[in-house]
Structures are given as structure tokens and as C-alpha cells.
Amino acid sequence: MISSWRKRRAGRKAAKQQQHGEDDMGMIELTTPNHFRCPISLDLMKDPVTLSTGITYDRESIETWMEAGNRTCPITNQELKSPEPIPNHTIRKMIQDWCVENRSFGIERIPTPRIPLSSVEVKEMLHKFRTAYRREDEGACREIVAKMKSKGKESDRNKRCLVANGAAAVLSAAFEAFSSRSSASASFDKYVLVLEDILAALSWIFPQLDGEAKSYLGSAASLNCLVWLLKSGDLSARGNAVSTLKELVSGDKRKVDALAEIQGVKEALVKLVREPICPTATKTSLMVIYYMVSSSSSNEDSKLRFSEMGMVELLLELLVESEKSVCEKALGVLDSICGCDQGREKAYANALTVPVLVKKLLRVSDLATEFSVSILWKLGKNEKREDGGVLVEALQVGAFQKLLLLLQVGCSDRTKEKATELLKLLNMHRERLECIDSMDFKDLKRPF
């Protein structure tokens with residue numbers, strides 16, 4: 001009996017000692033060896049690389065240092081003989097072994113990093129690509145483009161390396177070359193696969209296209225090919241084509257004019273809005289349409305054509321339930337189209353016009369409010385019907401109170417002028433039609 005009791009007491013004592021020992025171990029602070037730390041960030045290196053000076057750094061830290069324009073070693077201050085750091089596999093393996101040995105302290109083993117692209121590799125890849133597209137070797141071109149896309153998606157560092165070494169210009173030149181050959185044969189079907197692949201590779205370079213790349217993509221052959229892909233390509237190709245067009249026409253009126261002259265481009269853009277393939281494609285299509293109806297020398301013809309294709313009705317339906325970015329772009333296009341007689345006639349005839357525009361006032365953004373005021377102003381000052389038309393309808397849905405509030409909270413000078421003139425037009429019809437009472441604006445309801 002006594003022996004059994006002593007055994008139990010000894011067991012309890014041993015358990016307590018073991019518990020105290022574990023607590024002491026938990027209080028031990030693990031120190032990272034200094035030669036495993038990056039001299040710049042002082043953190044454990046995940047991808048150690050060595051410079052020509054013999055000093056090892058973490059790749060991310062030293063590349064950030066060199067991207068800032070520095071061409072010296074941070075520790076020795078010596079000028080670097082080569083800007084390309086060399087992976088230090090020995091240190092990396094030592095760090096990985098140390099992580100495994102100390103996993104009980106919660107240290108996770110660093111993964112083996114993928115070797116990033118070097119400038120030499122990129123230049124060699126681009127040289128092979130030039131040779132392939134000049135020989136019209138479609139298979140080799142597609143293979144190299146696929147490799148570029150794969151490497152570019154591995155890391156932002158690879159993407160920057162490709163862009164810095166002129167990948168955009170080389171891809172754009174190849175796109176123009178295949179487009180020209182397709183135009184000469186009167187058919188884009190022969191090279192459609194390589195054209196789609198090149199366009200997909202260019203899409204992730206946006207918006208970093210340089211002037212040389214834009215000049216290739218903005219040629220007559222390239223624009224015709226882009227419009228053909230916009231009309232006849234698969235969903236991905238159509239999305240990439242409209243994104244490319246947006247990059248080209250942004251701020252370039254000559255390219256907008258050239259694009260507007262291509263047959264079928266307006267119908268293809270409207271189809272992308274009417275039958276959306278993704279939110280990004282819808283926004284991009286609206287931006288291209290906006291440039292065509294507001295920036296080109298032939299914008300009056302564009303406004304008329306878009307009106308005939310039912311763009312006003314389509315935009316109003318889109319505005320009923322749309323997020324901020326789509327709403328702003330749709331209002332911008334509608335504002336431009338309402339600058340022509342036919343556009344306004346379409347707006348007058350649609351029951352959604354005034355309620356939707358008044359609803360957007362002060363509810364979406366300052367830009368959406370400015371566009372909404374501009375559209376109402378254009379419709380109001382050109383209203384010819386004796387019964388007041390849109391002016392009476394605007395009063396019925398509370399436009400007068402919202403415009404007064406807009407003047408109180410502030411807006412741009414141009415919008416203020418339009419809102420003031422619109423209020424004068426509305427005030428002429430208030431005597432025969434009382435505005436709807438609103439508790440939110442009751443103090444604002446007074447004669448203008």
C-alpha cells in the first residue's frame with residue numbers, strides 16, 4: 001500500500017518537473033543567425049543572391065535598391081561590375097536546413113525560389129521570336145509567346161524584365177507583320193491563332209506600352225485585324241481586342257478617326273455592351289465608344305450611328321442597376337450622344353430617361369452628377385413641347401430640390417452654370433405643377 005502511494009507521488013513529481021521544463025523551453029527566444037539575415041531588411045533571407053562584390057542580400061531587397069537607381073553595393077559602396085545578382089544556393093540550403101531543425105519553434109521552411117528571368121535570357125528569347133515571325137513560322141512564334149506568358153505570370157519581377165527589354169515592341173511588330181500578311185491574303189483565318197496569342201501576351205503588359213509598340217498596333221493593318229477579332233474572335237480574343245483599342249485611342253485623336261472609319265467597329269462595340277462577356281470588357285467598350293463620340297473629328301456621324309443602333313435605350317437600361325465605374329462611363333457616352341438631335345429624340349421618347357438621371361444626382365459620384373446635370377440641361381434647353389415634356393417630368397421626380405442642394409454643397413463652375421440655367425427652366429413650370437414634398441428637402445422648397 002505504502003509502495004503504491006510512493007509510486008504515485010513520484011509520478012506526480014516527475015510530471016510537474018517535465019511541465020516546468022517545457023515551460024522553460026517555451027520561454028527560450030530563438031535567434032536568427034546573422035549570416036542568414038539580409039543586410040538591408042535584416043529579415044531572414046528567402047532568396048539569397050550575391051553581388052559582384054561578394055556580399056549576399058535577399059533578392060527582393062537588393063532589386064528594390066537597384067530599381068531606385070543605385071548602382072553600388074549597399075555595404076561596401078563599391079560600384080557593381082554586373083547588375084545581375086547570382087543566386088547563392090549554398091546559403092539558401094543552409095537556411096532551409098536551419099528552418100527544418102527549428103520547426104518546433106514555429107519556423108516554416110522557406111520554399112526553393114524559381115530562378116527569375118535575366119536580361120540575357122529575355123534578349124535571346126526575343127531574338128528567336130523575331131527570327132520566327134520573319135520566317136512566318138507560326139508554331140515557333142506561338143511556343144515562344146506561351147513561354148513569355150508563363151514566365152511573366154510567375155512574378156512581377158519577370159514581367160518588369162520582359163517589359164524593360166522591349167518585349168512589347170517586338171510582340172507589336174509581330175502582330176502588325178501577321179496582320180499585314182492576313183490583309184494581303186484577304187483573310188485573317190490563316191494566322192488567327194498566333195494573332196490571338198500575341199494579343200493575349202500584350203494584354204498583361206498594359207498600360208506599359210511604349211510609343212514604338214503603339215505605332216505598330218496603330219497601323220491600318222493592325223487596326224483592321226483588331227476590329228476583325230472584335231467581331232469574329234472568341235470571348236477572350238474579343239476582350240483583349242477591345243482592351244488594346246482602348247489603349248491605342250486614349251488621347252490620340254488620329255487613331256480615333258482611323259478606327260471610326262473601319263466598317264463594323266461600331267456594331268461590334270455595341271454588341272459587347274448589349275451582350276457582355278465580363279465587366280471589364282463592358283467598361284472598356286464604353287470607354288472606346290466615349291472617345292469615338294467625343295474626341296474624333298467625325299463624332300457627329302458616330303453619334304448619329306450609335307443613336308440609330310439603339311445606344312440611348314441600351315445605356316438607360318444599363319444605368320438602372322450598375323456599379324459606379326460602369327455608371328460614370330455610361331453617363332459620359334449618353335451625354336455625348338445627347339449632343340445631337342437624334343440622340344435627344346431617342347432620350348425624349350424613353351420613359352426611363354428623366355427618372356434615371358435624377359436618381360443619379362448626388363448618389364454615385366461627382367463625375368456622375370456632372371454628366372447627369374449636363375444631360376438634363378441639354379434635354380431641357382432643347383425641349384420644344386408645349387406641355388413642358390422632360391421639364392415637367394423632372395419636377396415630378398424631385399429634380400428641383402436636388403439641383404438646389406447641389407448648388408449648396410458645391411460643384412464645378414461649368415456644372416453650376418448648367419444647374420442654374422436648368423433651375424430657371426424648371427421654375428417656369430412650377431406654378432402649374434407642384435413639386436413632390438420631401439422631408440429631406442422641405443427647407444429648400446422655395447421660389448427660385
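**View 1. The lining of the largest pocket.** Twenty residues, written here as 20, line the largest pocket, and D47, R59, E60, P113 and S155 lie nearest its centre. This is a predicted model, in which local features need pLDDT of at least 70, side-chain atom pairs count only at pLDDT 80 or more, and totals for chains, interfaces and linings use all residues. Residues are numbered from 1 along each chain as its sequence is written, and side-chain values use heavy atoms, leaving out hydrogens and water. A pocket is an open set of points on a 1 Å grid over the protein atoms alone, where a 1.4 Å probe fits, with protein on both sides within 12 Å along at least five of seven lines; lining residues have an atom within 4 Å of a point. Helix α2 (59-67) gives the most to this lining, with five residues.

**View 2. Helix α8 meets helix α10.** Here the axes of α8 (residues 192-203) and α10 (residues 220-232) come within 12 Å and cross at roughly 95 degrees. That makes α8 roughly perpendicular to α10 (65 to 115 degrees). On the α8 side, V192, L195, E196 and L199 make the contact, and on the α10 side C225, L226, W228 and L229 (contact means heavy atoms within 4.5 Å).

**View 3. The buried side of helix α22.** In α22 (residues 399-409), the buried residues are A399, F400, Q401, K402, L403, L404 and L406 (buried means under 20% relative accessible area, with a 1.4 Å probe and protein chains only). Their cover includes α19 (353-360), α20 (366-381), α21 (390-396) and α23 (413-427). After α22 comes G410, with a positive phi near 100 degrees.

Definitions and conventions
Axes fitted to C-alpha atoms, helices over the stretch in contact; angles between N-to-C directions. Helix = DSSP H or I, 4+ residues; strand = E, 2+ residues; numbered from the N terminus. Parallel < 35°, antiparallel > 145°, perpendicular 65-115°, else oblique. Buried < 20%, exposed > 50% of the residue type's maximum accessible area, 1.4 Å probe, protein only.
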